[in-house]
Amino acid sequence: MSDGRPRKQVILAAHFPGVNNTTVWADPAAGSQIDFASFEHLARVAERGCFDFFFLAEGLRLREQGGHIYDLDVVGRPDTMTVLSALAAVTTHLGLAGTLNATFHEPYELARQLATLDHLSGGRAAWNVVTSSDAFTGANFRRGGYLDHADRYARAEEVIRAAVRMWDSDGGEFEHPGAHVAIRGRFAVPRSPQRHPVILQAGDSDPGRELAAATADAIFSRHSRPEAARAFYADVKGRLPRYGRHPDELKIIPATTFALGDTPEEAAERARQIRRQQVSPQTAILLLEQVWNRDLSAYDPDGPLPEVEPDVTSPSIIQGRARMYSDPIATAADWRQRAEARHLSIRDLVIEVTGRQTFIGTPTQVADAVDDFVQSDAADGVILIPHLTPTGIDDFVDLVVPLLQERGAVRTGYETRTLREHLGLPPTNPAGRDRARSARA
Amino acid sequence: MTGPPLLLAVALDGGGHHPAAHATDPFDAGYWARLAAMAERGGIDLVTIEDTFGPPRRRDPVTVRPDAALVAARVAPLTRHVGLMPVITTTHTEPFHVASITATLDHISRGRAGWQPRVSVRPEEAELVGARSAPSGDEAFAEAADVVEVVRRLWDSWEDDAIVQDLATGRYIDRDKVHYVDFEGGTFSVKGPSIVPRPPQGQPVVGVLAHVPEADDLAARGADLVFVTPAPGDAAARVAEIRAAEARVGRIGEPLRVVADLVVFLDATASAAAARRDRLDARLGREWRTDAAVFTGTDTELSELLLAGRDAGLDGWRLRPGEMAPDLAGIAGGVAAALRAAGARPEPAGDGPGAAPDGLRARLGLPRPANRYTGSGR
């Protein structure tokens, strides 16, 4: 390295393809989204590639758009922890990370499930804490209801601290007398191999970044463009000293995608094909509706963008998923301008503006790009989101990982046992040490 | 073999059901894998995995337990035939999660999932979730009936052919075949649909342990199978009570499979088995009694007792190993073999004609149920 630092190890994680249009179900090679064999395949391939962890998101309510269950993307998925526990039986070293919503799970039950998974996997459990809470999702739960933005983070922080208190109790008595989480009793699970399962967070807002700086081991970031990623990395790592933490104690791992080819041209063509699969004509219209917030079913996906302006006064037509555009009028104006300048149809435009693969190229180009991404402090690693179930990372593992191993950026075999050790994290998480410090003070 | 096979289940908990028996680590995945493999080799129909919401009760043989559903999931990929029925509690848990977990266990195990619902009425369990006070037994059982109902609706909320993957229209599902459950209960409501497509069995097997009349009614209303704990000689009377409960609640369709619980200490001679129990009692410092009858004796004696259960109207037995390793080995070995030799049990699954069918419902002689929402439109 030019600045004399040792080369960083690239953290690699495999995300099971989810329920949005990134996942291409209409490909002849696409397999089941629910059969255990699909989960087993992805996990085994990730372990063959010496990945750090497997990642599984959580579903709590089927998405709706315009009052109907959204039917163009993959729909339905299994329970997160149940699948991860089964995967512990067919893998030996791979970390097993799952999303559990801090609002819709009881802290005691959640802490016990995570500690059980940590035991049953020999120290490989990780928890991705999400804080979304809306009345739409709440309609499936006793708790129901809605928490405003500030309360979500306050509750999430209390749930994390309560969980840490339970894990630290080593099967003994605990009490967490908080405003959101006021519980006490005996935590009937002895100390697990990692003591604290690894804690991931995805929050991007200011309170989300602050919560991560205070309590997380890793951030599942959305910033995959190098400049934005470096800015995010510097911002979040800069918050750590306030909590008495070293920058290495919080790993930044963005969600990324890739397309490979034997030549740069082949890779570009492959990337283009995948994008067209991800944005079918019907999907193009529905994604456009998410900005316009109105029914656009009368428009031709191969025709020009609508003249009509987005509806900014009606309630959102999307339910069960965050709104992604803060200023729809400006977004619409920008998109119209781009489409007119280059004569793009609705579908072409949506393909262009709703996401492009992070890494496109030959295996060597992609290995270079991934390594540069990490060594230039845009990230500490990547969470790969394949477009295909279950074989989506096969080529990456077979073609790119060996090149990363050659340059010493990825391990050639597991030398550590727990996920915390794979990631180079301290043996317990900061919320626990924070508590220990205040107890001593 | 004449008549339906005698059902044979085993209850797994810690190092065995005698409180002095626990010398094992219940958080060791390898331990559970060995138990499940032993049960499977013996052709056991079903293992149940004990749990409570909060810490184990004072009368329980253990002081710590792993989450039973995650234990079942952990052994599912390592087994092919044995049914897996964890306890999942209903009082402080989210019914939506219970449905997702059980449906997922059925997918992972390819149709071998069961669920034993249990209420949580101890004040210390209420304190683990905060402000809610502990419900009375009546309240908890009424709510459990609601939980079983909503879980069954959620299992059906996707029709079997809901996933269409229609290239022409770009639709992954036919949303007319995915249904809201719109459940409004006394203590909770659930909109639905389930997040998980319909499980392979359609409806995984629900088994209720019944000690009290409220539990008899819960079983008669919502379960496929009921575990009872008759004193020796009282099995026929207990079966009659269950049949009365079925009549009382107006049960239709398949009758409950009535399965009696029995703690067993097995050895080469009856005196050796009794001596082993005595040694455990000595370690405990008192004579141990539990809710179920206790048997000490040989494989042959036990198999004769089990066969006689049919005359009392029992469909089968759930044996609770007094000491897990030796007594499970005896059940899966000599006892299972004696029952096969008597023509009361099929050959283990996959071993040719006369073999037990796969899938837990099929093993219990239960048909795959029609979906309650089929043809209902939206």
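**Close-up 1. Five residue pairs make polar contact across the interface of domain 1 and domain 2 of chain A, both partners at pLDDT 80 or more.** We're looking at a predicted model here. On the domain 1 side that touches domain 2, the residues split into three nonpolar, four polar and three charged.

**Close-up 2. Chain A falls into domain 1 (11-261 + 357-440) and domain 2 (280-353).** Ten residues from domain 1 of chain A and eleven residues from domain 2 of chain A make up the contact. Step back to the C-alpha centres of domain 1 and domain 2 of chain A, and they sit 31 Å apart. Together, domain 1 and domain 2 of chain A bury about 990 Å², with 52% of that on carbon and sulfur atoms. Zoom in on A:Arg63, A:Gln65 and A:Leu72: this trio supplies 49% of the area that domain 1 of chain A buries against domain 2 of chain A, more than any other three residues.

**Close-up 3. Chain B meets chain A, with 65 residues of chain B in contact with 58 residues of chain A.** For chain B and chain A the buried area is about 5,300 Å². Carbon and sulfur atoms give 59% of that area between chain B and chain A.

**Close-up 4. Four salt bridges turn up across the interface of chain B and chain A.** One to pick out pairs B:Asp51 with A:Arg112, whose side chains meet at 2.6 Å, N to O. Polar contacts get their own count: 25 residue pairs across the interface of chain B and chain A, both residues at pLDDT 80 or more. Several elements of chain B each supply at least two residues of the side that touches chain A, namely helix H2 (68-75), helix H3 (95-108), strand S5 (163-166), strand S6 (171-173) and S8. H3(B) gives the largest share of the side of chain B that touches chain A, at nine residues. Sorted by type, the residues on that side of chain B come out as 32 nonpolar, 19 polar and 14 charged.

**Close-up 5. A cis peptide bond runs from A:Thr389 to A:Pro390.** Omega for the A:Thr389 to A:Pro390 bond is near -5 degrees. To find A:Pro390, look in the loop of chain A between strand S15 (381-384) and helix H13 (394-406).

**Close-up 6. Over in chain B, B:Gly192 and B:Pro193 are also joined by a cis peptide bond.** Omega here, between B:Gly192 and B:Pro193, is about -10 degrees. B:Pro193 belongs to the loop of chain B between strand S8 (189-190) and strand S9 (205-209).

**Close-up 7. A:Arg195 has a positive phi, near 65 degrees, and is a residue other than glycine.** Its spot in chain A is the loop between strand S8 (182-186) and strand S9 (198-201). A:Arg195 counts as partly exposed because its relative accessibility is 28%, between the 20% and 50% cut-offs.

**Close-up 8. A:Asn293 isn't a glycine, yet its phi is positive at about 55 degrees.** A:Asn293 sits in the loop of chain A between helix H9 (281-292) and strand S13 (318-319). Buried or exposed, where does A:Asn293 end up? A:Asn293 counts as buried, since its relative accessibility is 3% and the cut-off for buried is under 20%.

Note on methods
Residues are numbered from 1 along each chain as its sequence is written. Chains are lettered from A and ligands numbered from 1 in the order in which they are written. This is a predicted model: local features need pLDDT of at least 70, side-chain atom pairs count only at pLDDT 80 or more; totals for chains, interfaces and linings use all residues. Side-chain values use heavy atoms; hydrogens and water are left out. Helices (H or I, at least four residues) and strands (E, at least two) are DSSP runs, numbered from the N terminus. Buried means under 20% relative accessible area, exposed over 50%, partly exposed in between (1.4 Å probe, protein chains only). Domain bounds come from an automatic or database domain assignment. Contact means heavy atoms within 4.5 Å. Buried area is the accessible area (1.4 Å probe) that two parts lose on being put together, summed over both. A polar contact is a pair of N or O atoms within 3.5 Å; within protein, one must be able to donate a hydrogen and the other to accept it, and residues adjacent in sequence count only if both atoms are side-chain atoms. Ala, Val, Leu, Ile, Met, Phe, Trp, Tyr, Cys and Pro count as nonpolar, Asp, Glu, Lys and Arg as charged, and the others, Gly among them, as polar.
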